[in-house]
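Please look through the model below, strand by strand and then ring by ring.

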Amino acid sequence: MFFAYMIAAMLLVYAYRRWVPIHGLKQMKCSELAQAKKDHPNLKVLDVRDVSEYTACHLKESVNISLGRLPFVWDKELSPEDEVIIVTPNRSEGLLAARKLKKVGFKSLFYLTDDCHSCTSSR
């Protein structure tokens, strides 16, 4: 019986970390990205997809740190004072990235809700 409760608890934690919204995470549309760059000079675009997906098509000004490497190498490209836009087509990966960045002190985080990866316009 204890084993069943442990599995249920682990599933709840997994679901929470994947889909529950993060306090302070703002959503941004692709159409708002150009204006946001003008308004915020410390704005960084973080793409958390794997390298193979990133090289196939990406926003030219984005920084690529895959989700698995993010807790270990974020400080090479980002600073907690930066405003960061997280770009990924998978919403749950975006939420995980935001949680990891919040944990190390980032205050201004955005999640790009639209797909801005049209290869013809981003290269």
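Two strands pair if DSSP finds at least two bridges between them. Helices (H or I, at least four residues) and strands (E, at least two) are DSSP runs, numbered from the N terminus. The model is a predicted one, in which local features need pLDDT of at least 70 and side-chain atom pairs count only at pLDDT 80 or more, while totals for chains, interfaces and linings use all residues. Residues are numbered from 1 along each chain as its sequence is written, and side-chain values use heavy atoms, with hydrogens and water left out.

The predictor's confidence in each residue, pLDDT, runs from 0 to 100. Its mean over the protein chain is 83, and 89% of the residues reach 70 or more.

S4 and S5 run parallel and are joined by three bridges; isoleucine 85 has phenylalanine 110 in S5 as its bridge partner. Between these two strands the chain passes through H5, and this β-α-β crossover is right-handed, that is, with the strands pointing away from the viewer, the path from the first strand over the helix to the second runs clockwise. Strand S1 (residues 25-28) also pairs with S5 in the parallel sense, over four bridges, and leucine 25 stands opposite leucine 109.

In a regular strand the side chains alternate between the two faces of the sheet. In S5, Leu109 and Tyr111 on one side and Phe110 and Leu112 on the other are all buried (under 20% relative accessible area; exposed is over 50%, partly exposed in between; 1.4 Å probe, protein chains only). Lysine 26 lies over the face of phenylalanine 110, at 5.0 Å from the ring centre (the criterion is NZ of Lys or CZ of Arg within 6 Å of the centre and within 35 degrees of the ring normal).

The whole structure holds one aromatic pair. The rings of tryptophan 74 and phenylalanine 106 have centres 5.4 Å apart and planes at 75°, so the pair is edge-to-face (centres within 6.5 Å; planes under 30 degrees apart are stacked, over 60 edge-to-face, the rest tilted; for Trp the six-membered ring is used). Tryptophan 74 lies in helix H4 (residues 70-77) and phenylalanine 106 in the loop between H5 and S5, 32 residues apart. Tryptophan 74 is buried at 15% relative accessible area, as is phenylalanine 106 at 2%.

Valine 63, in strand S3 (residues 63-64), is buried because its relative accessibility is 16%. Its contacts (heavy atoms within 4.5 Å) beyond four places in sequence are Val45, Leu46, Asp47 and Glu77.
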